[in-house]
Amino acid sequence: MSSFWSAWIIIITLGTIAFCVWILLANRKGEKQPGTDVHTTGHVYDGIEEYDNPLPNWWFKGFMLTVVFALGYLVLYPGLGSYKGALDWSPEAAWQEEIQAADERYADLYAGYASQTIEALQDNEQALLSGQRIFANNCAVCHGSAGTGAYGFPNLTDNDWLYGGDGETIKTTIIGGRNGAMPAWLPIIGEKNVNAVAEHVMKLSGREVNEDIAKQGVKVFNTYCAACHAADGSGNQMLGAPNLTDNVWLYGGSPELIRHSIRNGRAGNMPAQNLLLGNDKVHLVSAYVYSLSAKAR
Amino acid sequence: MNDKIPLQDIDLPDDAVLHVEPEVYDLYKKREQIYTRKITGFFQKIRLFTGWPLLLGYFLLPWINWGTRQAVFFDLPSRQFHIIGLTFWPQDFILLAALLIISAFALFTITTWLGRVWCGYTCPQTVWTSIFMWAEQVTEGNRNTRIKLDQDVWSVNKIIRKIAKHTLWIGIALLTGLTFVGYFSPIRELLPNMLAFNLGNWEIFWIVFFTGATYGNAGWLREQVCMYMCPYARFQAAMFDGDTLVVSYDPERGESRGARKKDIDYQAEGLGDCIDCQMCVQVCPVGIDIRDGLQYECINCALCIDACDEIMDKMEYPKGLIKYTTENRLQHKQEHSLLRPKLLGYGAALALMLTVFSVAIITRTPLQIDVLRDRGVLYHTTVEGMIENSYTLKVLNMSQATQRYQVTIVGIDGLLLLGNSAFEVAAGKRTEVVLRAQIDPALLPNVNTPVELIVTTADNSTLVSEETRFIGPHIRY
């Protein structure tokens with residue numbers, strides 16, 4: 001904070017404490033008429049007087065003790081403006097200490113998990129529960145708490161993988177992230193060809209199509225699409241090019257949505273988790289994700 | 001001066017006092033030690049019956065076991081508060097609020113009727129101060145001996161007596177502090193650990209704190225707590241009415257007070273029953289003179305009643321110069337029965353809160369659920385074309401046994417629930433279950449439909465439901 005505001009805080013804080021002490025001491029002397037035992041303030045309003053009874057000494061001493069405590073506190077801890085305090089305490093430092101303590105506490109546990117393969121961890125209930133926690137906090141926001149995905153976010157419970165479904169590949173996907181790059185074909189092939197190749201793609205996945213239009217799409221497919229999606233449309237896991245012969249559509253499988261994908265392209269993004277979670281936690285959550293597709297395998 | 005106020009010349013007489021020097025005093029007064037005289041009597045016997053059961057209850061309760069654990073155990077780290085067969089959770093804190101309201105209304109009702117009986121007979125401050133006063137009596141002697149001892153110079157006798165007294169005080173305080181912490185940290189392990197110097201830092205801190213607090217409050221502060229700290233003394237005036245039973249001196253009978261020979265006709269001499277022996281002042285633990293009338297310091301302990309009755313017996317006068325009576329009775333005003341509006345009002349409020357509390361406890365469901373609907377993914381379409389919503393269900397088993405639960409969903413015809421919908425939860429544990437609800441889009445009429453997730457126990461004895469939403473697409477592709 002700026003020096004003005006620092007001074008502002010210091011003056012008001014110390015001033016208030018000084019003010020309290022002054023009030024405490026300034027009102028010490030009461031006066032009473034000699035010969036009576038009754039302490040009054042001396043004022044009389046319409047015949048009504050006001051008592052001025054003494055306060056207990058222990059109360060006074062207790063109050064002074066709190067003043068001493070306050071001053072001691074302000075010396076040791078931050079409170080007077082930009083002064084950091086003799087103990088150098090800060091919320092960030094306290095938090096760092098707690099993180100360190102937690103890391104030390106769990107280091108062995110994580111190391112134990114990290115030394116096992118993801119496939120081996122499938123039998124470890126505790127590991128999968130930990131993985132589920134990490135998943136719920138970090139992944140469920142896009143992939144759903146059940147991992148079944150949504151429009152644009154893959155379903156992790158099936159056995160259909162863009163980049164590969166074995167443990168290590170899943171971990172690579174999570175740690176480094178992925179960037180899907182489906183080019184926009186409209187400017188290159190034109191609307192008529194977009195329509196035709198979409199019809200051919202639907203035929204590849206075994207759907208009822210208009211045969212004439214589909215035939216026109218074959219040449220377009222072999223020229224432009226086969227490079228990534230393979231001649232038979234089975235996809236390429238090295239590139240993340242989807243398998244077009246199954247019935248799993250990341251961006252929707254209706255004719256209009258397939259045409260949209262071809263026309264405008266797609267740019268799916270899986271954020272890299274290595275900086276956010278670190279290797280050990282990614283290892284655990286990969287094990288969990290791998291377990292989600294167990295039934296489908 | 002103007003014309004309105006006429007000016008007058010006044011000649012003061014020679015002996016007129018113009019200004020009196022006021023006496024200066026310090027506004028912070030040192031506490032005057034009160035030396036109470038020990039007496040016995042009818043009301044002190046009553047206090048045995050009110051004090052001892054509470055003390056025994058306090059000290060013995062943590063030692064009673066219920067199954068594998070302590071019967072009364074407030075497990076702060078787990079946030080579970082065990083009272084015999086019931087376990088309360090932070091979610092049940094509204095019951096604690098109800099309990100506090102009941103305590104407050106009980107206090108108001110009793111006070112309006114019987115005055116400050118809580119203070120005199122059952123308040124922990126009074127009970128512990130009495131114990132510490134007994135310790136004082138045993139080590140330092142009776143009232144006059146103690147006054148002389150304090151005025152004496154330091155001698156071997158004085159040192160030994162003082163050490164004995166404070167040792168006894170600290171011992172009692174330590175037992176008290178240990179027992180208190182024993183409600184939060186199982187006492188059967190706490191005591192051996194303490195003797196083996198094997199305590200955790202927090203346990204040490206709290207035991208020392210409560211020992212110190214007991215020692216300070218009952219040994220040193222005593223009536224200062226009642227006079228300056230406790231709000232009860234200050235708002236008694238709001239609850240008392242003319243028919244509240246309070247410890248009172250009867251000035252009609254007692255005045256004018258004065259010493260006299262035993263067998264004379266004192267009334268002919270204009271004297272009242274009060275012989276001004278000051279016994280009532282000497283026994284008073286808060287150091288007041290009850291003959292001055294109703295005071296906020298008076299804790300209604302009735303020591304002055306017992307003291308005066310003893311004197312009255314010796315003088316062969318009738319008892320009851322100081323007695324429990326009402327203001328209206330003393331002033332010969334119209335007395336009212338118990339069925340007066342103020343008391344009835346408090347009593348009704350108390351009865352109502354007791355009923356509410358009992359019903360709440362009896363009908364309490366030891367099961368709590370929380371439904372977290374997926375928010376990042378509002379809905380999604382499965383491969384088969386069904387519309388699906390995901391929910392995370394948190395189930396808290398607040399009972400003391402493992403339970404089997406079953407989940408169902410209602411709200412739309414044709415809505416299916418998938419996932420682990422039948423599961424077990426251990427006692428006092430919380431489980432998270434991920435469930436999916438699916439429906440054929442043709443059967444889904446609205447975009448946003450309220451649905452209910454219902455969790456039941458295997459025998460259908462407990463049922464808890466929570467409302468959530470099922471969301472579907474606005475545009476159907």
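Chain B has a radius of gyration of 34 Å, whereas a compact globule of 477 residues would have one near 23 Å; the radius is taken over C-alpha atoms, and the globule rule is 2.2 Å times the number of residues to the power 0.38. The model is a predicted one, in which local features need pLDDT of at least 70 and side-chain atom pairs count only at pLDDT 80 or more, while totals for chains, interfaces and linings use all residues. Residues are numbered from 1 along each chain as its sequence is written, and chains are lettered from A and ligands numbered from 1 in the order in which they are written.

The C-alpha trace of chain B spans about 115 × 85 × 50 Å along its principal axes, and the chain contains 15 helices and 18 strands, where helices (H or I, at least four residues) and strands (E, at least two) are DSSP runs numbered from the N terminus. Of its 477 residues, 24% are buried, that is, with 20 or more other C-beta atoms, placed from the backbone, within 10 Å of their own. Among contacts in chain B between residues at least 6 apart in sequence, 67% join residues at least 24 apart, a contact being a pair of residues whose C-beta atoms, placed from the backbone, lie within 7 Å.

Chain A comprises ten helices and six strands, and 25% of its 297 residues count as buried.

Within chain A, helix α3 (residues 91-114) and helix α10 (residues 279-292) pack at an angle of about 55 degrees with their axes 9 Å apart, the axes being lines fitted to C-alpha atoms over the stretch in contact and the angles running from 0 to 180 degrees between N-to-C directions. The helices α3(A) and α10(A) are therefore oblique to each other. Residues Y110(A), Y113(A) and A114(A) of α3(A) meet N279(A), D280(A), H283(A) and L284(A) of α10(A). The residues of this contact comprise four nonpolar, two polar and one charged, with Ala, Val, Leu, Ile, Met, Phe, Trp, Tyr, Cys and Pro counted as nonpolar, Asp, Glu, Lys and Arg as charged, and the others, Gly among them, as polar.

The contact between the chains takes 32 residues from chain A and 25 residues from chain B. On the side of chain A that touches chain B, the elements giving two or more residues are β1 (29-32), β4 (55-56), α2 (57-76), α5 (140-143) and α9 (255-264).

Definitions and conventions
Parallel < 35°, antiparallel > 145°, perpendicular 65-115°, else oblique. Contact = placed C-beta atoms within 7 Å. Buried ≥ 20, exposed ≤ 12 C-beta atoms within 10 Å, placed from the backbone.
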